[in-house]
Amino acid sequence: MSRGLEAAARVSAHRHGDYRTGRGELRRALLALFEGSLKFQERMSGSVWAERFGWIPKGTGAEHGKVTLYGYQRGLVDLMCDPAVPLLTVLKAARVGYTRCATLAVGYHLHQDPTLCAIAQPTIPDADDFGSGEIAPMLRDTPVLKPLMRQVKKGEKQDNAAFYQLSNGASVRVVGAASDDAFRRYSARFLFADEIDGDGWTPGAKTQGDKLKLFWTRGETFWNRKQVRGSTPLLFETSRVWKLWLASDQRRYFVPCPQCSDAASQLDGWQYLDWGGPDVPHGLKWSLDAEGTLDKVWYVGTCGCIIEERHKAWMDANGEWRPTAKAKVPGHVGMHLWTGMSLNPNAAWPVIVQEWLEAQADPATLVQPFMNLRLGRPYRAIYGQEVKSSSFIDRMEPYPAEVPAGVEFITVGVDVQSGKVNPRLEASVYGWGRGLEVWLIGHFVLPGDPAKGEVWAALDEGVLLRRYRKPDGTTLDVRATCIDSGGHHTQEVYAFANKRRSRRVWAIKGRSESRGQRGKVWPRKPSSKLGHVWYMIGGNAARDWAYGSLAVDKPGPRHVHFPQAPLDGARELDDEFFAQLTREKLIVPRGQQYTVWQKPSEAHEAGVCFVYAYAAVCGLQALSGKYVKLGEADVESAPEAAGDDAGTASGEPTPADAIAAAVARARRLSQPAAAVQPMAPPPASTDKGELYL
Ligand SMILES: [Zn+2]
């Protein structure tokens, strides 16, 4: 008998047998199961989950408890949790609630859609902070996640700030992108890359290519892997998030106009809020009162209507995210968040405008943080390199004395030129005032072989020991001098400088800075060997500052003044001088995402002498322990007494560092840059599109 007949006989027997009832029940149960699984089950969106189950843990913000999202945040959390969106790029400002939304999206992927999650922060300390400051409190306090925390048995891996495993099979790990093994030996489907403009994401010498791509490969065993990349953008030339955002579908949060929109039409008056600025008709506008303080702030829509801040909540509640471009890769969604959208009181329109006004007091230093942190836009620095030498000539002005009244102290930068043809020393004398407004006092060319003593005596007597006269008849001496010891005459420079350390004559050398690294200009400690002492300076950061200052065209902080008439013995300021001053170029090495200053083959002594004179200012700041405030320090409180400085560099933050501290945990804003510049239009397809989808 075949097996088939045997089965048929058995079924027939059962039809009338004892199993009848049981079989009927089984059949009903199977049908119910089929129906249940075939029936369309509505997927819970991220924002619905967040507002139903999300929980703001104690100690992570001003309030705690159940989550309420703003309108624009609902769309953000939805897209972060949407399985149909494999790539999401978020270009963001501060104070928009991004970190909270990202943490909620992780919670969703642990509870609602249990999966393996990985979060990459720029550095290991950032990862530790995020793990212990955001993830651990969420797991501890969120009512639906708490029961999933597994009891760790003997011999099992203990959860720690970097890794948590839940009893439903989901897990979350937090890594630091800077670490060599951040993207090795694990799999994850939900990949969250945070602050991708941070230095930690820059490929290191040991990394095999783009770290975001390496991170993406951690999900390659999942057909539905997803990567969310977010960052406050930094510099236009090198911003990763900006480049990715340009390749996305560039969604903006469109809102109806409270004056002219007909909610039904979805067209009239719908627009996205935008900073706009003083040069365009729409955007945030303001008036000042007679004292020049901020009076009123309002918004002019692209429809021409005047919109008041009190309408913002209504607009936010009724808005929607709409694409404004075609993504280069299907499924790549981009979102832009800036502070003006937020309903947080710290993000009120007058607060933003006030910050803009304050940034105008020192545009070279403060506009970049405003662009990055408030507008969520990359900053395009301008350097003196982009200024024509004829405009420097136009800027030359008569000085009332050798040194104008605004100068509080003087530094000198010295370059050493060896060789048979024209060996010489070149020295620039600069005077510094409030906010580091700076005056060139004179540039000296001292012919002579640096291997011999005469030219050094000429430098000392003619430039460094000279006293410079102010309009009131008083004189200033040279407070500090930096001499380059990196060339052929290292020993002579050491000998000269080390004998004069009590006068703060310092031998300097450029630190080696791989991959466009920006460190502090002045080192914490001097270097020394065989009794010689010298300072390794951060050349890229010093050049960013010095050459950035050359582009500041209005008198005030960081503006550089040039005298019409040369000082006795100093060279004439002509086209060639200004060409030398701006000959070093900032370049982005081919295929890289960082900038470096490139040494030109032609003469550029005027430029490096300015950079060294600025380095001397940094040396003084480090000595005084008043690194941040120096721009405001008066002459008397500046470091007159400090005779010998070995090891006293304070390590206080630079002004740029101080701003950066306010940025995000992760990022180093190490390129203080130049003048005010509206964001340039997107470059015509510099992007090759993403290769990894
Ligand atoms: Zn309108």
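A residue is buried if 20 or more other C-beta atoms lie within 10 Å of its own. Keep that cut-off in mind on this tour. The model is predicted.

**Stop one: helix α5.** Select residues 98-111. Now check the length. At 1.5 Å a residue, its 14 residues should span 20 Å. The end C-alpha atoms lie 20 Å apart, which agrees.

**Stop two: an open sheet.** Show β11, β12 and β13 together. The three strands run in that order, with antiparallel pairing. Look at the edges: β11 (283-288) and β13 (306-307) stand there. Each has a single partner strand, so one side of each is left without a neighbour in the sheet.

Zoom in on β11 and β12 (residues 294-300). Six bridges join this antiparallel pair. For one of them, select G283; its bridge partner in β12 is V300.

**Stop three: V463.** Select helix α13, residues 453-464, and find V463 in it. Is V463 buried or exposed? V463 has 24 C-beta neighbours inside 10 Å, so it counts as buried.

Which residues does V463 touch, leaving aside those up to four places away in sequence? They are V412, A427, V429 and F444. Finish with V412. V412 and V463 are 51 residues apart in sequence, yet 8.5 Å apart in space, C-alpha to C-alpha.

How values were computed
Residues are numbered from 1 along each chain as its sequence is written. This is a predicted model: local features need pLDDT of at least 70, side-chain atom pairs count only at pLDDT 80 or more; totals for chains, interfaces and linings use all residues. Helices (H or I, at least four residues) and strands (E, at least two) are DSSP runs, numbered from the N terminus. A residue is buried if 20 or more other C-beta atoms lie within 10 Å of its own, exposed if 12 or fewer, and partly exposed in between; C-beta atoms are placed from the backbone. Two residues are in contact if their C-beta atoms, placed from the backbone, lie within 7 Å. The expected span of a helix is 1.5 Å times one less than its number of residues. Two strands pair if DSSP finds at least two bridges between them.
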